[in-house]
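Me: Could you walk me through reading a model like this one, feature by feature? I'd like the general idea and then the case at hand.

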Amino acid sequence: MTPVHFSFSSAFILGLMGLAFHRTHLLSALLCLEGMMLSLFIALALWTLHFESTGFSTAPMLLLAFSACEASTGLALLVATARTHGTDRLQNLNLLQC
């Protein structure tokens, strides 16, 4: 395993572990998701550069566009829950409560 492959794999795993084990606030969960998407973007961009394929050159930009949409949706949900519930703690959110 090359050091570059190890660093991007460990960045993705750290984001996944942060999302799985440290879910106290919605903002920390969103930051872990963004870290995972950023490591996937850089790994996919380096993969297309490594193989010098022009067919897959749009894949990193498509992933980046989806990541931006995910970030904007997450921030909108963060603002909405902070306004309605007064906090962004995930333990206080109840989906069955109106």
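Predicted model: local features only at pLDDT ≥ 70, side-chain atom pairs only at ≥ 80, totals over all residues.

Me: Which residues does UniProt mark as "transmembrane region"?

Reply: The unreviewed entry puts that feature at residues 6–22, 29–49 and 61–80. Its positions are in the numbering used here, feature names are shortened, and annotations may be inferred rather than shown by experiment. In the model, residues 6–22 are 94% helix and 0% strand, with end C-alpha atoms 23 Å apart. Residues 29–49 come out as 100% helix and 0% strand, and their end C-alpha atoms lie 30 Å apart.

Me: What does the radius of gyration say about overall shape?

Reply: You take it over C-alpha atoms and compare it with a globule rule, 2.2 Å times the number of residues to the power 0.38. A compact globule of 98 residues would sit near 13 Å, but this chain has 17 Å. Along the principal axes, the C-alpha atoms fill a box of roughly 50 × 25 × 15 Å.

Me: Is F21 buried or exposed, and what about A29, buried or exposed?

Reply: Buried means under 20% relative accessible area, exposed over 50%, partly exposed in between (1.4 Å probe, protein chains only). F21, in helix 1, counts as exposed because its relative accessibility is 68%. A29, in helix 2, has a relative accessible area of 10%, so A29 is buried. A29 and G18 are eleven residues apart in sequence and 7.6 Å apart in space, C-alpha to C-alpha. Across the chain, buried residues make up 18% of the 98.

Me: And what lines the largest pocket?

Reply: Rolling a probe the size of a water molecule over the atoms shows where empty space is left. A pocket is an open set of points on a 1 Å grid over the protein atoms alone, where a 1.4 Å probe fits, with protein on both sides within 12 Å along at least five of seven lines; lining residues have an atom within 4 Å of a point. The lining here includes H5, F12, S39 and W47. Helix 2 (26–51) and helix 1 (3–21) each supply at least two lining residues, and the largest share, six residues, comes from helix 2.

How values were computed
Residues numbered from 1 in each chain as written. Heavy atoms only, no water. Helix = DSSP H or I, 4+ residues; strand = E, 2+ residues; numbered from the N terminus.
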